[in-house]
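Subject: A structure for you to look at

Hello,

Here is the structure I promised to pass on to you. Have it open while you read, and turn it around as you go.

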Amino acid sequence: MPPDPDHRRRLGAAGEQCAADYLVARGYNILERNYRRKWGEADIVALAPDGTHVVVEVRSRSNPRYVVEAAQSVGPRKQRQLRRLAHGLLAEHEADIDIRVDLIVVSTDRRGRLAVAAHIEHAIEDD
């Protein structure tokens, strides 16, 4: 049976909200959601407690057995897009800023609620 696109959309939106809540609880300031530019889209742009700008890619899975697969699902094309977005964000700021690209994987917990399963800082390094 093919995946239900509405379910995937709802899961993705809920996963992004879960990731944003997680970041805020850890002292991050959400600067923008669904950051879109001509070269791609990032789910979240945030300011970390240490002042680093963070481009965040969120991957959501309804089954916790697929957390590793979710982390591995950020392919070369998406990695290039995220690097370009980070460079674009640098260009938009006239001041010299620190920036990194993180990956957050959201999945269901033991009670069936969405929770952050992994937060990988510096998940995508610059070339």
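A search of the whole structure finds six salt bridges. A salt bridge here is a side-chain nitrogen of Lys or Arg within 4 Å of a carboxyl oxygen of Asp or Glu. The general idea is that side chains of opposite charge can pair when their charged atoms come close.

Before going further, a word on the source. This is a predicted model, in which local features need pLDDT of at least 70 and side-chain atom pairs count only at pLDDT 80 or more, while totals for chains, interfaces and linings use all residues. Residues are numbered from 1 along each chain as its sequence is written, and side-chain values use heavy atoms, with hydrogens and water left out.

Now try Arg100. Which side chains does Arg100 meet in salt bridges? One is Asp102, at 2.8 Å from N to O. Another is Glu121, at 3.6 Å from N to O. Glu121 lies in the segment after β5 (114-120) and Arg100 in strand β4 (residues 99-108), so this pair links distant parts of the chain, 21 residues apart. Arg100 is buried, with a relative accessible area of 7%, whereas Glu121 is partly exposed at 42%. Asp102 is buried as well. Buried means under 20% relative accessible area, exposed over 50%, and partly exposed in between (1.4 Å probe, protein chains only).

Elsewhere, salt bridges that share partners join Glu32, Arg37 and Glu92 into one network.

Next, the overall fold. The protein has three helices and five strands, and from the N terminus on they run α-β-β-β-α-α-β-β. Helices (H or I, at least four residues) and strands (E, at least two) are DSSP runs, numbered from the N terminus.

The five strands form an open sheet in the order β1-β2-β3-β4-β5, with mixed pairing. Two strands pair if DSSP finds at least two bridges between them. Because β1 (29-37) and β5 stand at the edges, each with a single partner strand, one side of each is left without a neighbour in the sheet. From one strand to the next, the twist averages 30°.

Look closely at β4 and β5, which run antiparallel and are joined by six bridges. Leu103 stands opposite Ile120 in β5, and Ser107 has Ala115 of β5 as its bridge partner. This hairpin has five residues between its strands, and Gly112 takes a positive phi near 85° there.

Helix α3 (residues 76-92) lies across β1, β2 (40-47), β3 (53-61) and β4, running at about 55° to β2. For such angles, axes are lines fitted to C-alpha atoms, for helices over the stretch in contact, and angles run from 0 to 180 degrees between N-to-C directions.

Finally, some totals. Of the 127 residues of the protein, 39% count as buried. Among contacts (heavy atoms within 4.5 Å) between residues at least 6 apart in sequence, 52% join residues at least 24 apart.

Enjoy exploring!

Best wishes
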